[in-house]
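Colleague: I would like to go through this two-chain model with you. Shall we take it by question and answer?

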Amino acid sequence: MDWRTPRTGGLALLAAVILVLPLALVNNYWYEVAILIGINAIVCVGLNLLIGYAGQISLGHAGFFGLGAYGSAILTARYGWPPVAALAATTAGVALLALVVGRPILKLKGHYLAMATLGMGIIISIVVVTEDGLTGGPDGMSVPAFTLFGLTFAGERVWYWIVGAALLGAVWLALNLIESPAGRALRALHGSEVGAQVSGIDATRAKVGIFVISAIFASVAGSMTAHYSGFVTPGKVGFFHSIELVTMVVFGGMASTFGAVVGAAALTLLPQLLTVLKEYEMVVFGAVMIATMVFMPRGFLPSLVFELKKKK
Amino acid sequence: MSAQLAQYLLGGLTVGAIYALVALGFSIIYNASQVINFAQGEFVMIGGMATVSLANAGLPLLLAVPVAVLAAAGVGLALEKFAVEPARGASVVTLIIITIGASILLRGLATLVWDKNLHALKPFSGEQPIEFAGATILPQSLWVLGVTLAIVLLLGWFFGRTLTGKAMLATSHNPLAAQLCGVNTRFVLLLSFGLSAALGAIAGILIAPITLTSWDVGVMLGLKGFAAAILGGLGSGAGAVVGGLVLGIVESLGAGYVSSAYKDAIAFVIILAVLFFMPSGLFGRKSAERV
């Protein structure tokens, strides 16, 4: 087995990091940060399939994340469903929604696609805030703990391993998908849509397919967040979270699955570190975003790999 | 026409005119550089906040307004010079992230220079509502509509009759060909950011007496401006104006007759519906792709 490919060495490295990281997590606060990184990374790995590989932007993925979180929350808290059933039903519902809206939306190109996905995300977040009888409105709602076979999963130290395993699974799925015929079709689409169509690729089908898959990643991550934190608020459904997610993907490096993980880690950590700057936090965060993209337009990880290869 | 409908239409036109100014800013920058400037809304905020603080410092409105517009234009030039220009040739998504970073930076600066409170600007000429077709209209709304009309006419003259304007149009059609004809495309890029920033600032000043202003007022206005530009067809000046007015009126009617809580959602549903049937907006250029 060749350990230098992403599918073997990269995955092994990620697993090692997840295994060793708890040694550095001194208290529950840092466990919380690590879980947040893992959850963002799962969404970003899915979003990167859409943005990085298929070349289709989405400024509305927080909508899918939010639907996942609120779906699980409402079905368990308001209707008393078992969490597993709620998770399955929510994921299926979000996948169906992505399938239905994906067909007309993904016919659009470039900035028009950006606008349509942005609009979709905003509509979802307005519905969540307005239907307060069901969602608790701007105050949010509490969610029961995740239970399975009589076991209750609660606490940072338990969820760290759940999220870690889910992230490994997501990365493994993404890496395999990219190397599959469907993944090659997507990359062909990114290069030239007409060219791909001429070689027999059903462009709409391929794009909608990857849109649905990335929506499922976001939805499952949302459901996990709801059960882990025991509370959902509309903040994570809004436009800003969508932008944050896209920024993580681009920051880490488009068309690089591990780049998406690195981007999620960097941009989740950065605000935590910047809180010491208090009122200067936003200014520095904005400046870091601009500087990274100006000096590393291809993103952090690809630029790093390029520099390392050049030195050899 | 019922008085109620007239009232909604007047309200919608006022807001729509503001959206149109912001949308024009989006289109001008897009034409010069293919960049969607997500910091466009921040120019609106800077215009309003700067005018309020200058007016509070005792400056007469006639002086505070041009100073605020020039300040916003200066910020626009700086944005182009220090954030967009160095990243030339980067992918569209990268440039979008850069302008989003700039908008966060500018909002952060606004909280430092000013504060996080809501501020009111005094209306330009009194607050006595005027009766019109059974509805009432604020004098400030007339200011909004009048100034927007004047700006649209001025821009029409600028792009149609002056050499600089024509150079900007030429750059939007084909930058390389324009450069070969002696157009300084780098200057055009710089000018487009300055001009867009000034337009945004004017919109922010005009609307401040009606809706108040604060450090984060640019977020939603920026999004609506983008939506209006897309609705009309990106890069089309007439499209931006029509898109803005349609968006404002639809929103106002939706809030009045359907549901005020879903006002913003209705606007976006309409935009999605238009895009599904007209993928390049109402006035957008049909695109052809080369392989």
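Predicted model: local features only at pLDDT ≥ 70, side-chain atom pairs only at ≥ 80, totals over all residues.

Modeller: Residues are numbered from 1 along each chain as its sequence is written, while chains are lettered from A and ligands numbered from 1 in the order in which they are written.

Colleague: How many helices and strands does chain B have?

Modeller: Helices (H or I, at least four residues) and strands (E, at least two) are DSSP runs, numbered from the N terminus. From that end, the elements of chain B run α-α-α-α-β-β-α-α-α-α-α-α-α. The count for chain B is eleven helices and two strands.

Colleague: What radius of gyration does chain B have, against a compact globule with 291 residues?

Modeller: The radius is taken over C-alpha atoms, and the globule rule is 2.2 Å times the number of residues to the power 0.38. The C-alpha atoms of chain B fill a box of roughly 55 × 50 × 35 Å along the principal axes. For 291 residues a compact globule would be near 19 Å, and chain B agrees, at 19 Å.

Colleague: What is the radius of gyration of chain A?

Modeller: Chain A has 14 helices and four strands. The globule rule gives 20 Å for its 312 residues, and the value for chain A is close to that, so chain A is as compact as a globular protein of that length; its radius of gyration is 19 Å.

Colleague: What percentage of the residues of chain A count as buried?

Modeller: A residue is buried if 20 or more other C-beta atoms, placed from the backbone, lie within 10 Å of its own, exposed if 12 or fewer, and partly exposed in between. In chain B, buried residues make up 52% of the 291 residues. For the 312 residues of chain A, the share is 49%.

Colleague: Which element gives the largest share of the side of chain B that touches chain A?

Modeller: Two residues are in contact if their C-beta atoms, placed from the backbone, lie within 7 Å. The contact takes 38 residues from chain B and 34 residues from chain A. On chain B, the elements giving two or more residues are α4 (92-113), α9 (218-232) and α11 (263-277). The largest share, 15 residues, comes from α4(B).

Colleague: How many residues on that side of chain B are charged?

Modeller: Ala, Val, Leu, Ile, Met, Phe, Trp, Tyr, Cys and Pro count as nonpolar, Asp, Glu, Lys and Arg as charged, and the others, Gly among them, as polar. The side of chain B that touches chain A has 30 nonpolar and five polar residues, and the charged ones number three.

Colleague: Is the crossing of α1(B) and α5(B) left-handed or right-handed?

Modeller: Axes are lines fitted to C-alpha atoms, for helices over the stretch in contact, and angles run from 0 to 180 degrees between N-to-C directions. The axes of α1(B) and α5 (residues 139-161) of chain B come within 9 Å and cross at roughly 35 degrees. A crossing is left-handed if the near helix is turned anticlockwise from the far one by less than a right angle, and right-handed if clockwise. The crossing of α1(B) and α5(B) is left-handed.

Colleague: How many nonpolar residues does the contact of α1(B) with α5(B) have?

Modeller: Among the residues making it are L10(B), L13(B) and A17(B) of α1(B), and V144(B), L145(B) and I151(B) of α5(B). By class, three are polar, none is charged, and the nonpolar number eleven.

Colleague: Where does Q34(B) lie?

Modeller: Q34(B) is not a glycine, yet has a positive phi of about 65 degrees. Q34(B) is partly exposed, with 15 other C-beta atoms within 10 Å. Its place is the loop between α1 and α2 (40-56) of chain B.
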